[in-house]
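Here are my notes on the structure you asked me to look over. Keep the 3D view open while you read, and take the points one by one.

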Amino acid sequence: MFAPLRAAAPVLTPAAAPIIAAEGLTKTFDVLPVLRGLTLHIAHGEFLALLGANGSGKSTLLRMLAGLSQPNSGVIRVGGWQLPREAAQVRAQIGLVSHKLLLYESLTARENLRFFGRLYNLSAARLNAQIDTLLKRVGLARRADDVVRTFSRGMAQRLSIARALLHDPSILLLDEPYTGLDQEAAAMLDALLGEAHAEGRTILMITHEIERAARLPSRVAILARGVLAFDCAAAEIPDAAWLAARYTEVTSLIAAR
Amino acid sequence: MQTPFFRVVYGIVAKDLQAEFRSRELLSLMLIFALLSLLIFSFALELDRLAREEAISGVLWVTVAFASIIGLNRSLTLEREQGNLDAMLIAPINRAAIFVGKLIGNYLFALLVGVLLIPIAALLYNLPLINVWLFIVLVFGTLGLSGIGTLLATMTAQTRTRESLLPVVMLPLALPVVLTAVRATTGILSGQPAENWLGWLHLLAVINVVYFAACFIMFEFVVEE
Amino acid sequence: MRANLSLSDVSLEQPALVRAIPRALLALTALTLIGVGFGLYMALGFAKADATQGEVQRIFYIHMPAFIGAFVAFAATTLGGFMYLRTRQVKWDTLALAGVEVGLVLAAINLVTGMIWAKPTWNAWWTWDPRLTLEAIMMLTYAAYLVLRASITNAETRRRFAAVYGMLAIILVIMVVMISRIRPDTIHPTVFGPSSQQARGTFELDASAGMSAALGVNMLVWAVLVPITLMWFRICLNNLTERLSLLKARLADR
């Protein structure tokens, strides 16, 4: 009939402990279950794209991993620290980029970065050096002292990535970062994320774009109705059309039950 | 592992002042409103000199309360608009530091508006309002308003009705602060001996302490999810 | 082929037979109804008319106990909010909500009986008496509580914010109680302790005239039985609505 669903076993060598380990997560909003015993392991240095329909629980999962929301049951360990008990340690290694800017529009690029750097307790000297490096890296060095309100959506999103990298986090959480970007800006974002991945950071990206998920990341998973319904290394994906077919299969299978 | 408390507070206050220094949105809104309120109260109530003297402390404090509501709404909506509150919440910081930081910023704006308002009111209402004790009442009164207001504005910024909800939920809870401040102000302005109104100032200080403690503890509950 | 995903997999308690109204509540309701009747008899018949005010003073036997009943209900809201934030159990939030609604009803009874009483004694339905004004503000505070609840979509956030606001709102109730001690210019009489100089409509509770007994009975009825019974009903109603939405969700999930 159709290809058997792959087991939710993560693609990692048995020796490596996963940097993100979420086990048996459940979450119910009012009476509506969003996560139903979701288990997800992400190895060091992986770039995982998480696909899923609206309401499949993607954003809820991301917020839980960032310690912004608590599961009803289940265990989350990030970098060996447990949430929510060791939230401060977990937060220090997480950077978040969202479809919201997470920037102050009435501040300049530099002022924004300085404010968020202070929240991560970076010393003044380190912070200044870091700001210069990152602004150069995201191509905004010349606009450093311009107010964010004057930035295009793509520029603001690049600044948002610089903000997320300020404290040199080992994990990047991305919540539909491509929303509202034109092609050129999306290509620049591709390059920045590729760079961050090459530096050995672990990346979890939520996205709607199947084509992009098939290209950039090292592993693709599909979330449907609160559990991991598909999980596969990028190397095994022949092309985007194949992935799109699997996506339709998984989501329709579950809808029809 | 956590960033030191006062480093976070300093960061937030510096950021708020910087943003306000650049845009001057908040202060100009608050000031224009406050001036309008002073003029319209006197105009609409058709106050004669005697009635003006009796009404001024009430007018002054209701004006300050509404002006700070305008400021609080703007200040907390800014944190919500681009998801900045989330960006702060995922940093390794104590959440109460966010409360104290936002409180100080809001307080400075409310106090500044009050300080600018008093000489203008003295001029318009032809009353001797410039007085050290009156300034002290202002220091305490605006602190109480900003404390309860910062907590409630953080709450209402996350609701569907947003800005329109804050005055409705805040005014009744601000009443103890406004009432005691009005009483103390009236006592001072009418030249009564200190023992007649010092009690109100004490009561105001006690209310401030209680409100600050309650809001400091409860803030965590209005930002978690 | 059956995927292993459905609401029925999430463990849900489902009692074989849910009794909408427990027996104990029915018994309490009967007791409360008898109590209200007996209280009315004590107030209108048993107690002698007041020496100075005459028959109109009888309204006091409902007026003040109704306020104490509102106080009890609002205190339940504060307790419910506190316990909800500690335990995160939904039942505490339900108690808090029940407290607000019942408290508002009892405060309204208190306010209306007060206005009826004010007409002959103070010669006006409404005066800008500090206590009267504060009571109206207190009721609006709890109305604001309901508006706040209504404007939050996420149920968890709604409960959390309601708990915080419900705990803070008790300040207004305390102010209503304290105001006649703080603001000496109130014309509201204080029954226990000295009334202010300007107080109009004061009276003495005369035990030998059956006045204390009438107050005692009505206090028990309006300050204890009525709020508890009403809150219990409100909680039952809430449980039923919640069950209904759960069943609806399960149906939609099928």
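The points below go through chain A, then chain B and then chain C.

1. Before anything else, remember that what you have on screen is a predicted model. Keep that in mind for every value below.

2. Let's start with the sheet in chain A. In which order do the six strands sit? Going across, the order is S6-S7-S8-S3-S9-S10 in chain A, and together they make an open sheet with mixed pairing. At the edges you'll find strand S6 (94–98) and strand S10 (227–233) of chain A, each of which pairs on one side only. From one strand to the next, the twist averages 15°.

3. Now zoom in on S6(A). For reference, "buried" here means under 20% relative accessible area.

4. S6(A) and S7(A) run parallel and are joined by five bridges. If you want to see the pairing residue by residue, look for Leu96(A), which stands opposite Leu173(A) in S7(A), and for Ser98(A), which stands opposite Asp175(A) in S7(A).

5. S7(A) is hidden too. Five of the five residues of S7(A) are buried, so this strand is largely enclosed by the rest of the structure. Ile171(A), Leu173(A) and Asp175(A) point one way, Leu172(A) and Leu174(A) point the other way, and all of them are buried. Notice that Asp175(A) is on that buried list, and that Asp175(A) is also the residue across from Ser98(A).

6. Keep going across the sheet. S7(A) pairs with S8(A) in the parallel sense, over five bridges. Leu173(A) turns up again here, standing opposite Leu204(A) in S8(A).

7. One pair to click on is Leu48(A) with its bridge partner in S9(A), Arg219(A).

8. What lies across S3, S7 and S8 of chain A? That's helix H6 (residues 183–198) of chain A, which runs at about 145° to S8(A).

9. One backbone detail in chain A deserves a look. Most residues other than glycine have a negative phi, and most peptide bonds are trans. Against that background, the bond joining Leu83(A) and Pro84(A) is cis, with an omega of about -5°. You'll find Pro84(A) in the loop between strand S5 (81–83) and helix H2 (87–92) of chain A.

10. On to chain B and its surface. Ile32(B), Leu36(B), Leu39(B), Ile40(B) and Leu124(B) form a nonpolar patch there, and together they have about 460 Å² of accessible area. Which element gives the largest share? Helix H2 (residues 25–44) of chain B does, with four residues. Leu36(B) is in that helix, and Leu36(B) counts as partly exposed because its relative accessibility is 45%.

11. Arg162(B) isn't a glycine, yet its phi is positive, at about 45°. Arg162(B) sits in the loop between helix H6 (132–156) and helix H7 (165–189) of chain B and is partly exposed, with a relative accessible area of 34%. Arg88(C) is another non-glycine with a positive phi, about 60°. Arg88(C) is in the loop between helix H2 (60–87) and helix H3 (90–121) of chain C, and its relative accessible area of 33% makes it partly exposed.

12. Last, step back and view chain C. Chain C has six helices and zero strands, and buried residues make up 49% of its 254 residues. Take the contacts in chain C between residues at least 6 apart in sequence: 74% of them join residues at least 24 apart. The accessible surface of chain C is about 12400 Å², with 68% belonging to carbon and sulfur atoms.

How values were computed: Residues numbered from 1 in each chain as written. Chains lettered and ligands numbered in written order. Predicted model: local features only at pLDDT ≥ 70, side-chain atom pairs only at ≥ 80, totals over all residues. Heavy atoms only, no water. Patch = residues over 30% accessible without salt bridge, like charges linked within 9 Å, V, L, I, M, F, W, Y side chains within 5 Å. Areas by Shrake-Rupley, 256 points an atom, 1.4 Å probe, with all protein chains shown as cover. Salt bridge = Lys/Arg side-chain N within 4 Å of Asp/Glu carboxyl O. Helix = DSSP H or I, 4+ residues; strand = E, 2+ residues; numbered from the N terminus. Buried < 20%, exposed > 50% of the residue type's maximum accessible area, 1.4 Å probe, protein only. Pairing = 2+ DSSP bridges. Axes fitted to C-alpha atoms, helices over the stretch in contact; angles between N-to-C directions. Contact = heavy atoms within 4.5 Å.
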